[in-house]
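Here is a colleague's note to read alongside the sequence and the picture. Please keep both open and find each residue as it is named.

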Amino acid sequence: MQLTVWTYEGPPHVGALRIAASMKGVHYVLHAPQGDTYADLLFTMIERRRTRPPVTYTTFQARDLGKDTAELFKEACREAVERFKPQAILVGASCTAELIQDDPGGLAKALGLDVPVVPLELPSYQRKENWGAAETFYRLVRGFAGGREKPEKEEGAPASCNILGPTALGFRNRDDIVEVKKLLTSLGVDINVVAPLDASPLDLTRLPAADFNVVLYPEIAETAATWLKREFGQPIVRTVPIGVTATREFIREVAELAGIDPTEALDTDADRLSWYARSVDSNYLTGKRVFIYGDATHALAAARIAEEELGFKVCGLGTYSFNFARDITAAARHYGVEPVISDDHLDVEEAIVEAHPELVLGTQMERNTAKRLRIPCAVISAPVHVQDFPARYAPQMGFEGANVIFDSWVHPLMMGLEEHLLGMFREDFEFHDDTGASHLAAVNAAHGSGGQGVAARAEQSAFEAAAAEQTPDTIDSPDGTAARWTTEAEKELKKIPFFVRGKARRNTERFADETGVNVITIETLYDAKAHFAR
Amino acid sequence: MSRPASQTILSNTAAPCDAPAGGRQPILHQRGQHEVFCGLTSIIWLHRKMQDAFFLIVGSRTCAHLMQSAAGVMIFAEPRFATAIIEERDLSGMADLHDELDAVVARLLKRRPDIRMLVLVGSCPSEVIKLDLSRAAERLNREHAPDRRVIAYSGSGIETTFTQGEDSFLATLVEECPAAEADAAPSLVVAGSLADVVEDQFSRIFQALGIDNVAFLPTRRSDRLPAIGPNTRFLLAQPFLNEASKMLERRGATHIPALFPLGEEGTTAWLKAASDAFGVDPARFAAVTAPGRERARKALESYAETLSGKRIFFFPDSQLEPALARFLSREAGMGLTEVGSPYLHRRHLAAELDLLPEDVVLSEGQDVERQIDRCHEADPDLIVCGLGLANPFEAKGYATKWSIELVFTPIQGYEQAGDLAELFARPLRRRAALKVEV
């Protein structure tokens, strides 16, 4: 058993649901107990869809268990096909139905329905949402593209590709495909099929016609793309175009596969990140410590942007995508940090406290953690909540995506001049470092009244308490490490801006340990500063 | 309203309290897809109500995912609930499962030393594999007593719908209450979670009426459970407390039948039932309740224009539907088309059903596709439904009131009568205000 407060991914049938809801003409009959229909509101509320997701749930109850739940499932299948007249139905079980073993696939096939049935085996007690989505998409692709011939290409026809991976409930997928389509079109590449988002089973039968596949979200489409490569020899574009450099690489990779000259596409004024990051105003971003966590695709892309395009220092990198643990581990090594491969949000919180970042780039969960620890934060990956399905155009991919990223990652940070002033004048009654960045409204409220200011400070002490709790051996340990600090040194430490103070404290203590200093004085503090400045 | 031919009526109930006077249509009993929450969702308000309790769901990743999806953005970093997710290896042997649970509980209690009551909550997977959580609770109780109480109930979807989770929790909690002596002073227990502010308002009214031995269940702290015995009378603040009522009666307490305290009429009838049971002088009752009644009537007036004459359709969700329909039809002048409820508890709802107009369709259970067909046919002005249906209906041009809000908002009592009407008026006013088309 695993103790869980928050989970990064839903069960695998939610992944299957995302595929069904992404596509047109697909209906999903899900054997599930009453209550599992909660998943509908992920689509109707978080993504604000106008229609109900195409799912029929059997919603069995306890009294049905004594009778024939298999009959219930068959009835649900028949009714769903009759009412919704889909091109294909997916059939499967949720975690509870998996236990009663009614075999939805076998039952549905035995019904002799006049639509193709795609049975799903999604082991709920082993796998999770993204795996469920990838498996479902693979089953559908195999089912509808399988056994077909790759059509002959017309003489002189432009190169064409499929875009694979975007789904319902995917982080910014809606706008990413607009941006990527624009890129590909500007290169002169035809887009054959985009799937699963807005594709029908009929569209899937046309997949083999493309020259190559662009995999935007490997978590969802890697399995299907690998199969297509094996079956139809379609090469895979593996660069995910998040970030300026990645976008440029993506363009080159596509151009090479399509036999097109990329020069024109690369010579663009759409990229503003590069200049914004070079402008002197961004100088103070240099070396800002950033902790990155999310699905593997977004975490990897973010790490590269952080280090190579914004000049941050990656101080932590992790993912909940166990399938891509190797990639994250390699990247973490490259940036000189320990990878965090875990789906336990408490582990991630611990790693954040340990890393003392000045900025957290994570999921909805890290937003909560960062809020509690009072660290600036931006969301870069699912799971996300309703505010990350914005009304405005907000891609992550392509050049416009990079522009969006520049704005949204820099926004939570304190602005340069303010940071300087805080470092110089530490006793201003309004602008002290306990109150955070003054351009952020939520924090501004803390300036408003004494009471709220106190609340803000109480929150900060929550950070220090959390830090103490999480790293008892370095801070406030029972053997009196805290008492090692002289009052003067402790006071001097407070003069260091809040967002780097934790790091300074730890460095000083480490230095004291290494050099055998028992009592930390102001001298020790500055000795350590000089030591680590090397 | 004429019914489509495809509609299934599995059985027509004709129990005396079902059809009060002749013209009432038979209750529709529906089976099929239920678009409802399971009982686990009630933890979302129960864990805030009872502040020293921790709710540990023993279930699957789906249960954990449900809780965080339903709980939405939780601004507090650490809620007082969690899920012990059953994994593949737990399914191989049952003995192992109990050891695993003990380990999870030990880890949890170590992390949260402030917790006084640990509540193990059964889910569909734990019920299907017949994991005996009551036995586990007993075992853990022996281990952690007297500092911590460990109790268990089921919030599974196969057994409970939404608010019924609170019912099964309260039934278990009543078992935990100390026994009152046979000659104890008469006491009143008000069962059903109420917002703190509503609870305080009712406390003041009971006090003014001279009913002073009053306890509210669930209590705000687990160590302050009221004693229950033959001199205890109980009043239901919520309509979904079937099992809890049975348990209270088993402990010797007597039920005071009443309308539910929604609106001016409901609140007055509810307080009156208690007053009569405790022999409160009618003059005193009138004097105590007069200002509240007046305020409630006045507050309701401002919504009459928006609501009066509008027709409303209720999808089943919380069992509050019949009482809400009664309030809306009698105090806000709304017309009722269909009133759906996951369960119609005849005994507790007898008084409510008597006050509903005869031509309303009452439905129990759900077959969601057919109910949507009926809703289209009825073409109401306002649809009360869950979040899975609300936006799709809005996109089709219907006004909706999402029903979960009715459980998360203070709506009972005189001072909230206006707020309750406002919840239904708001979507209609908003529709009138917006000049953008969808």
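Which side chains meet in a salt bridge at 2.5 Å, N to O? The points below begin with that pair and then move on to other places in this predicted model.

1. The side chains that meet in this salt bridge belong to E249(A) and R304(A), with 2.5 Å from N to O. E249(A) is part of helix 11 (residues 244–258) of chain A, while R304(A) is part of helix 14 (residues 296–309) of chain A, so the pair ties together parts that lie 55 residues apart in sequence. Both ends are partly exposed, E249(A) with a relative accessible area of 30% and R304(A) with one of 23%. As background for a first reading, side chains of opposite charge can pair when their charged atoms come close.

2. R304(A) also takes part in a salt bridge with the side chain of E308(A), at 3.3 Å from N to O. R304(A) and E308(A) are four residues apart in helix 14 of chain A, which means that about one helical turn separates them. E308(A) is partly exposed as well, with a relative accessible area of 47%. For context, a search of the whole structure finds 62 salt bridges over all chains.

3. In chain B, please look at D200(B) and R220(B), which form a salt bridge whose closest N and O atoms are 2.8 Å apart. D200(B) sits in helix 7 (residues 196–209) of chain B and R220(B) in the loop between strand 7 and strand 8 of chain B, so this pair ties together parts that are 20 residues apart in sequence. The relative accessible area of D200(B) is 33%, which makes D200(B) partly exposed, and R220(B), at 29% relative accessibility, also counts as partly exposed. The two residues belong to one network, in which salt bridges that share partners join K49(B), D196(B), E199(B), D200(B) and R220(B).

4. P383(A) is found in the loop between strand 14 (377–379) and helix 18 (398–410) of chain A.

5. Are R48(A) and R374(A) buried or exposed? R48(A) is exposed, with a relative accessible area of 53%, whereas R374(A) is buried, with a relative accessible area of 18%. Each has a positive phi although neither is a glycine: the angle is near 55 degrees for R48(A) and near 60 degrees for R374(A). R48(A) is placed in the loop between helix 2 (40–46) and strand 3 (55–57) of chain A, and R374(A) in the loop between helix 17 (364–373) and strand 14 of chain A.

6. Which residues form a negative surface patch? The patch is made by D261(A), E264(A), D267(A) and D269(A). One of these residues, D269(A), lies in the loop between helix 12 (263–266) and helix 13 (273–278) of chain A. D269(A) is exposed, and its relative accessible area is 73%.

7. How many bridges join strand 2 of chain B to strand 3 of chain B? Five bridges join strand 2 to strand 3 (residues 81–85) of chain B, and these two strands run parallel; within strand 3 of chain B, I85(B) is the bridge partner of G59(B). Strand 2 of chain B also pairs with strand 4 (residues 117–122) of chain B, in the parallel sense and over six bridges. In that pairing, V58(B) stands opposite G122(B) in strand 4 of chain B.

How values were computed:
Residues numbered from 1 in each chain as written. Chains lettered and ligands numbered in written order. Predicted model: local features only at pLDDT ≥ 70, side-chain atom pairs only at ≥ 80, totals over all residues. Heavy atoms only, no water. Patch = residues over 30% accessible without salt bridge, like charges linked within 9 Å, V, L, I, M, F, W, Y side chains within 5 Å. Areas by Shrake-Rupley, 256 points an atom, 1.4 Å probe, with all protein chains shown as cover. Salt bridge = Lys/Arg side-chain N within 4 Å of Asp/Glu carboxyl O. Lys, Arg positive; Asp, Glu negative; His and termini not counted. Charge placed at Lys NZ, Arg CZ, Asp CG, Glu CD. Buried < 20%, exposed > 50% of the residue type's maximum accessible area, 1.4 Å probe, protein only. Pairing = 2+ DSSP bridges.
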